[in-house]
Amino acid sequence: MANLINIKKGLQIPLLGASEEVLRGKVTSEFVRICPEDFHGITPKLAVKVDDRVKAGNTLFYSKDHPEIFFASPVSGVVTEVVRGEKRRILNIVIKADSEIEYEDFGIKNVSSLSSEEVKQSILEAGIWFLIKQRPYDVVAVPGKQPRDIFVTGFDTAPLAPSYDFMLEGQEADLQTGLDALAKLTSGKVYLSISTKTKSKALRDAKNVVITEFNGPHPAGNVGVQINHIKPVNRGEVVWTLNAMDVALIGRLFNRGRVDLTRTVTLCGSEVKQTGYYKMLIGTELSSIFNGNVTEGISLRYISGNPLTGRKIAKDGVLRAYDSQVTVIPEGDDVHEAFGWASLSPKRYSSGGTYLKFNKKYRLDARLLGGPRAIIVSNEYDKVFPMDIFPEQLIKATLAFNIDKMEQLGIYEVAPEDFALCEFVDTSKLEIQRIIRTGLDLLRNEME
Amino acid sequence: MKALRKYLDKIKPNFEEGGKLHWLWSTYDAFETFLFVPNRTSRSGVHIHDARDSKRTMIIVILALIPALLVGMYNIGLQHYTAVGIEADIFTKFIYGLLAILPQLIVSYVVGLGIEFAVAQFKKEEVAEGFLVSGILIPMILPVDTPLWMIAVATAFAVIFAKEVFGGTGYNVFNVALIARAFLFFSYPSKMSGDQVWVRTRDTFGMGGGQVIDGYSGATPLGQINTTEVSSFSDFTFTGITGEPLTFTDMFLGLYPGSIGEASTLAILIGAAILIITGIGSWKTMLSVFLGGTFTVLLLNVFAHNAYMEMPPMYHLLLGGFAFGAVFMATDPVTSARTEKGKWIYGFLIGLLAVTIRVFNPGYAEGMMLAILFMNAFAPLIDFYVVDANIKQRLKRVTNKA
């Protein structure tokens, strides 16, 4: 019987547009774009030139600081363009995809017969090391450092989040292989967290891992919260984090001998007419699933990821590397609501008591719904931050970049996503995730 | 509303970067966001936001203050007409009180908001809403006969030196409204205490003129017990301004001389309910102030050797500004302790200090103001120790392992 941990603090934002659990087919696009900014903490160095031919699994670029970290192309085809931004920063690498994908052969391997080093080399060479992230700093894991433990989250509690049970159907073997591979990578343990609602046998009966069951609202599915409750990260320690879908992608490499970055992705949000799940490679253009399938006549916000931590993308944007969710909500910049401070409108949602509460789902847009202020209200963040950390004090220490205080207050244990709900509920409308991200980056520069 | 929106859109370019009136941007923004929810959308981080904002929060606090304000207005009229011995209906009494308070409210808002707007303009920031609450609080905690110029001076002093020099709303160490009162209390003590200031005996805008009747005394109940010759509480009776004894109902409804805010415990409890239900005021702070006060009174009762020390807890909580301070002043999130554990300590000590000052310092009939200001100064220290416990625990985790 797994350990059960009850999470009491948190918030399940009742959003309209949850996805139907129906697989609606496979999405492909002529061009596939990979955006290096997805891989936090990496300075990309190109390994290909325009007009080069690549196979799926060939390296597109690698990390400047850790040249052993390759980044694989999800498709075979021809590199048509490298789009650069300010200071020649690579914004995206565009590949014209073949109609039939040609895979680089990495050989089917039996994980149990491989050594730790061989497992690591296999993942690095295949260019999918980016699936493993690390705490502290919430960046792509540094292969050279031994992780104390590896934490895998087996469910997602974010608003409109996809169901892992559903997405894992047919990938049970890959998941187990992936978990076996991870077990080789640490001298500590692999912790797998599942929800009390998890039904998937692959998750519930996973071998070679320590299973912990969580019950409670978002952010119970955040790996950071789970670590804090299972075995917190201390100064000087490194842990690696993944989600179960990424573990299955790693398992796929060993079971099939090739890099197949196909994800099952949910299309959801209040502005989507027909929600559902699609299979697609990372970097696939999404316009084909948006066209004719979203509300017309108002301005919309397209998000790769969930509404709390996802990235804003254009209508012709692509699926970002870590996402299993694409959300469409109203932008709201064309709305002028009179006297919002006196509003009794049932359309307004607040987690606090200053608005009437209705037992219904809400259609929320991207407006801030207020102006930025200094932190005034207290005990607001605490209510949605189920970690043994004082969020407000940590945010203030981070703003001041007081390294000693940040360390003392637990900066090593957190990732920006852990503060997403704080940012949502914030009366002062501060960009808390950005504050934490900047703080972590500065701290990393300072420490390494 | 559409026409208004159109008009705002038309004049907006003047206030934006490069416009002729760009220097008035903060003012324009304040009015625009007052009328319409800004349509600015999130640039980084979360894509959706909770509907509550600073404006909503402050409006709810004002809403919670309204019952006390209304009862207070009525009470001003009631005390006045009783003092001059004229029969008047409820409505007349209320209008009298309204006319007495309205100029004070206007002065406090005009001065305070004027400074807020000017500073926001100067700093090129949005105008913060904090003063909307302070502005209503200031007249509520001053004697009704405070001259308007004093309110203006005190408000200006409090806003500038207690708030803006620290960085504005959210950064102040001391409660702004209490600083305004403390400023007057120490600068013009004769106008702030004694028997003459709590009941308006003169007419207001020509309304309710008359001569004070015989046997009139404008002393507040706490003033009475503070100066009483009686040595045992059982021999002591609180009296109204004409000498008749005050009933518990009078005390609970707040129908005795005092500032508006000190008055009606009933209205304050309604306000407390609003603050607690909406989650804006911390019930922990409120409860712990009452606990701290009650604890101290019970302790004093045991060692009592005069009437004031013998006074049971009930009277302390019903009379004076204790309840008002607990509900509306101690809970000010900016100047209060910000950690949950800290709030218990902070509130308890306020209650303890307020009663101590009341009973042992004959100069200050009202201890709540000083107690809260004193604890404002200590709130960061309380938080420091609460947070430090968390830090120590984290350090222990590392050393235990090593």
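Guide: Let us begin with a definition: the axis of a helix is a line fitted to its C-alpha atoms, over the stretch in contact, and the angle between two axes runs from 0 to 180 degrees between their N-to-C directions. Please keep in mind throughout that the model before us is predicted.

Visitor: How should I read two packed helices, and at what angle do α3(B) and α4 of chain B pack?

Guide: In general, two packed helices are described by the angle between their axes and the distance between the axes. In this structure, α3(B) and helix α4 (residues 90–123) of chain B pack at an angle of about 110°, and their axes are 6 Å apart. An angle from 65 to 115 degrees counts as roughly perpendicular, and therefore α3(B) is roughly perpendicular to α4(B). On the side of α3(B), the contact is made by residues including Met73(B), Tyr74(B), Ile76(B) and Tyr81(B), while α4(B) contributes, among others, Ile90(B), Phe94(B), Leu98(B) and Ile101(B). Divided by kind, the residues of this contact are 11 nonpolar, five polar and one charged.

Visitor: How many helices and strands does chain B have as a whole?

Guide: Chain B has 18 helices and zero strands. Its radius of gyration is 23 Å, close to the 21 Å that the globule rule gives for 402 residues, so chain B is as compact as a globular protein of that length. Taken along the principal axes, its C-alpha atoms fill a box of roughly 75 × 70 × 35 Å, and buried residues make up 50% of the 402 residues in the chain. Among its contacts between residues at least 6 apart in sequence, 72% join residues at least 24 apart.

Visitor: How many residues does each chain give to the contact between chain B and chain A?

Guide: Chain B gives 50 residues and chain A gives 61. The elements of chain B that give two or more residues to this side are α2 (25–35), α3 (54–84), α12 (265–278) and α18 (368–401), and α18(B) gives the most, with seven residues. The residues on the side of chain B divide into 19 nonpolar, 18 polar and 13 charged.

Visitor: Turning to chain A, is helix α5 mostly covered or mostly uncovered?

Guide: Helix α5 (residues 223–230) of chain A is mostly covered, with six of its eight residues buried, and these are Val223(A), Gly224(A), Val225(A), Gln226(A), Ile227(A) and Asn228(A). What covers these buried residues includes the strands β10 (133–135), β12 (150–153), β13 (190–195), β14 (210–215) and β15 (239–243) of chain A.

Visitor: What is the phi of Lys87(A), and is Lys87(A) buried or exposed?

Guide: The phi of Lys87(A) is near 55°, a positive value in a residue other than glycine, and this residue belongs to the loop between β8 (77–84) and β9 (90–97) of chain A. Because 12 or fewer other C-beta atoms within 10 Å make a residue exposed, Lys87(A), with 5, is exposed. Asn208(A) has a positive phi as well, about 70°, in the loop between α4 (201–204) and β14 of chain A, and with 16 C-beta neighbours inside 10 Å it counts as partly exposed.

Visitor: Which residues does Asn293(A) touch, leaving aside those up to four places away in sequence?

Guide: Asn293(A) touches Val272(A), Lys273(A) and Gln274(A). The C-alpha atoms of Asn293(A) and Lys273(A) are separated by 5.2 Å, although the two residues are 20 residues apart along the chain.

Methods
Residues are numbered from 1 along each chain as its sequence is written. Chains are lettered from A and ligands numbered from 1 in the order in which they are written. This is a predicted model: local features need pLDDT of at least 70, side-chain atom pairs count only at pLDDT 80 or more; totals for chains, interfaces and linings use all residues. A residue is buried if 20 or more other C-beta atoms lie within 10 Å of its own, exposed if 12 or fewer, and partly exposed in between; C-beta atoms are placed from the backbone. Helices (H or I, at least four residues) and strands (E, at least two) are DSSP runs, numbered from the N terminus. Two residues are in contact if their C-beta atoms, placed from the backbone, lie within 7 Å. The radius of gyration is taken over C-alpha atoms; the globule rule is 2.2 Å times the number of residues to the power 0.38. Ala, Val, Leu, Ile, Met, Phe, Trp, Tyr, Cys and Pro count as nonpolar, Asp, Glu, Lys and Arg as charged, and the others, Gly among them, as polar. Angles under 35 degrees count as roughly parallel, over 145 as roughly antiparallel, 65 to 115 as roughly perpendicular and the rest as oblique.
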